[in-house]
Amino acid sequence: MATKPSFVTISMIEETAVDIQEATPHYNIHLQNNRHVTADYIILATGNSQPRPLPFTATHSSLPWSTYTLSLDNTTTPVLIAGNGLTMADTVTGLREQGFTGVIHTISPNGYALKPHSQPDLSYFLSAESIATCSTLRQWKKEVYKQITQARAASLPDELVIDALRPYTTNAWQQFSYADKQDFLRHSAHFWSILRHRLPHSIHAALEREFQAGMFAPHKGVIQQTEKDSNGGIHVNWYNCISRNHRQLHVQKIINCTGPGTDITQSSNPLLKNLSSTGLLKADELKLGLWVNAADYSVIDANGNNHRRIVTLGTNLKGLLWESTAVPELRVQCKQVAVRLLQQVNHKEKACI
Ligand SMILES: Cc1cc2nc3c(=O)[nH]c(=O)nc-3n(C[C@H](O)[C@H](O)[C@H](O)COP(=O)(O)OP(=O)(O)OC[C@H]3O[C@@H](n4cnc5c(N)ncnc54)[C@H](O)[C@@H]3O)c2cc1C
């Protein structure tokens with residue numbers, strides 16, 4: 001970690017920011033306790049928002065990263081996890097660590113397909129030149145399939161190609177048209193995600209053992225309706241996309257692991273939601289994050305004004321960069337933003353960030 005320059009002091013306030021108002025030349029940041037702080041520069045590093053509520057389970061669902069989620073009414077009655085991604089795997093592990101011994105059902109329209117990390121000694125050498133010249137999704141897909149075919153011919157797994165693509169993914173995303181991006185999100189993001197986001201071998205093997213023992217039951221399907229019974233349990237009607245028929249489950253809880261919500265107009269984060277309604281923040285065109293200036297990650301408001309002294313990073317940049325969640329990317333962004341801000345702030349004057 002870089003050393004903090006001597007003219008910088010850091011103070012932490014444990015409060016939720018709920019609004020920002022311009023009070024030229026400063027900004028007032030309003031806190032939940034009715035107090036406010038004044039700043040010259042603001043970095044919005046708000047992280048992942050909670051998943052969008054499930055349509056049929058508003059009163060029954062729990063959020064994956066709240067401690068309440070793992071405190072179950074009893075340790076044996078089955079639970080249902082909506083979602084079949086990495087957060088689901090984390091939640092299954094957490095439930096078992098808490099002593100839950102019942103069956104864990106999971107459900108998503110694409111089903112369970114998580115893969116383990118590949119062997120650390122394997123790698124794929126990507127011919128970067130041909131990838132770098134792809135400017136449309138069609139060209140990019142064609143090239144990726146070509147590289148995957150070459151990897152397979154060398155007995156290498158597909159995911160090594162996606163790993164090797166990582167330095168080029170953001171550039172490719174930014175070349176795509178709006179229609180290409182929509183197409184990718186609709187038809188390819190799921191397959192890309194399976195190859196890109198993988199599990200540690202030990203967790204993958206544990207899920208496989210649970211599956212063989214009938215304790216982990218992943219379903220490819222859609223929740224259609226839920227109804228609470230008199231004992232506090234939940235009857236779930238769901239559609240099985242493989243057998244193409246309607247099924248029922250009875251569970252004590254539904255845990256929402258459908259992935260972080262990205263649309264700020266619907267955000268569970270009061271700051272993002274308020275700033276979206278006042279227009280100081282605007283969602284990017286795909287509603288994956290914030291509308292920003294690509295050069296320095298400063299935000300652009302609903303009227304198209306660029307606020308150069310409010311910058312953001314992390315998942316708020318997903319619309320701009322696509323890859324903007326994992327710690328390695330975030331580390332690079334943090335450094336870029338910190339260096340830029342320190343250059344802007346004349347350290348002889350007193351500036352508050
Ligand atoms: C379940 C899960 C597993 C993951 N596993 C991995 C992994 O294995 N490897 C990997 O590289 N990445 C992983 N990630 C992704 C990575 O951990 C996150 O993207 C990263 O931690 C985000 O860092 P951040 O600082 O941007 O946000 P966060 O770590 O979420 O921090 C945001 C902070 O902002 C605060 N905040 C938000 N809104 C306000 C507000 N209005 N007022 C005041 N404070 C506010 C929050 O309280 C929090 O302290 C995982 C993410 C999740 C959810």
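Reader: In the hairpin of β12 and β13, which residue takes a positive phi, and near what value?

Author: This is a predicted model. The hairpin of β12 and β13 has five residues between the strands. In this hairpin the residue with a positive phi is G304, and its phi is near 85°.

Reader: In which sense do β12 and β13 pair, parallel or antiparallel, and which residue of β13 is the bridge partner of I300?

Author: Strand β12 covers residues 298-300 and pairs with β13 over three bridges, in the antiparallel sense. For I300, the bridge partner in β13 is N306.

Reader: Leaving aside neighbours within four places in sequence, with which residues is L275 in contact?

Author: Once neighbours within four places in sequence are set aside, its contacts are I20, L280 and L281.

Reader: Which residues come nearest to the ligand, and which element gives the largest share of the shell around it?

Author: Around the ligand there are 19 residues, of which G47, L271, G314, A326 and V327 come nearest. The elements that give two or more residues to the shell are α1 (86-97), α7 (270-278) and α9 (327-344). The largest share is three residues, and it comes from α1.

Reader: Which domains each give at least three residues to the shell around the ligand?

Author: The domain assignment of the protein chain gives domain 1 (76-115 + 199-256), domain 2 (128-196) and domain 3 (266-344). Those from which the shell draws at least three residues each are domain 1 and domain 3.

Reader: How many residues of the shell around the ligand are charged?

Author: By class, the shell has nine nonpolar and nine polar residues. The number of charged residues in the shell is one.

Reader: What distance separates the centres of domain 1 and domain 2?

Author: The centres are taken over C-alpha atoms. Between domain 1 and domain 2 the separation is 30 Å.

Reader: Which peptide bond is cis, and in which loop does P25 lie?

Author: The bond from T24 to P25 is cis, with omega near 10°. P25 lies in the loop between β1 and β2.

Reader: Is N34 buried or exposed, and why?

Author: N34 is not a glycine, although its phi is positive, at about 70°. This residue is found in the loop between β2 and β3 (36-39). Because N34 has 7 C-beta neighbours inside 10 Å, and 12 or fewer is the cut-off, it counts as exposed.

Reader: How does K287 count by its C-beta neighbours, and why?

Author: K287, in the loop between α7 and β12, has a positive phi of about 55° although it is not a glycine. Because 14 C-beta neighbours lie inside 10 Å, K287 counts as partly exposed.

Definitions and conventions: Residues numbered from 1 in each chain as written. Predicted model: local features only at pLDDT ≥ 70, side-chain atom pairs only at ≥ 80, totals over all residues. Near = placed C-beta within 6 Å. Helix = DSSP H or I, 4+ residues; strand = E, 2+ residues; numbered from the N terminus. Nonpolar A, V, L, I, M, F, W, Y, C, P; charged D, E, K, R; others polar. Domains from an automatic or database assignment. Contact = placed C-beta atoms within 7 Å. Pairing = 2+ DSSP bridges. Buried ≥ 20, exposed ≤ 12 C-beta atoms within 10 Å, placed from the backbone.
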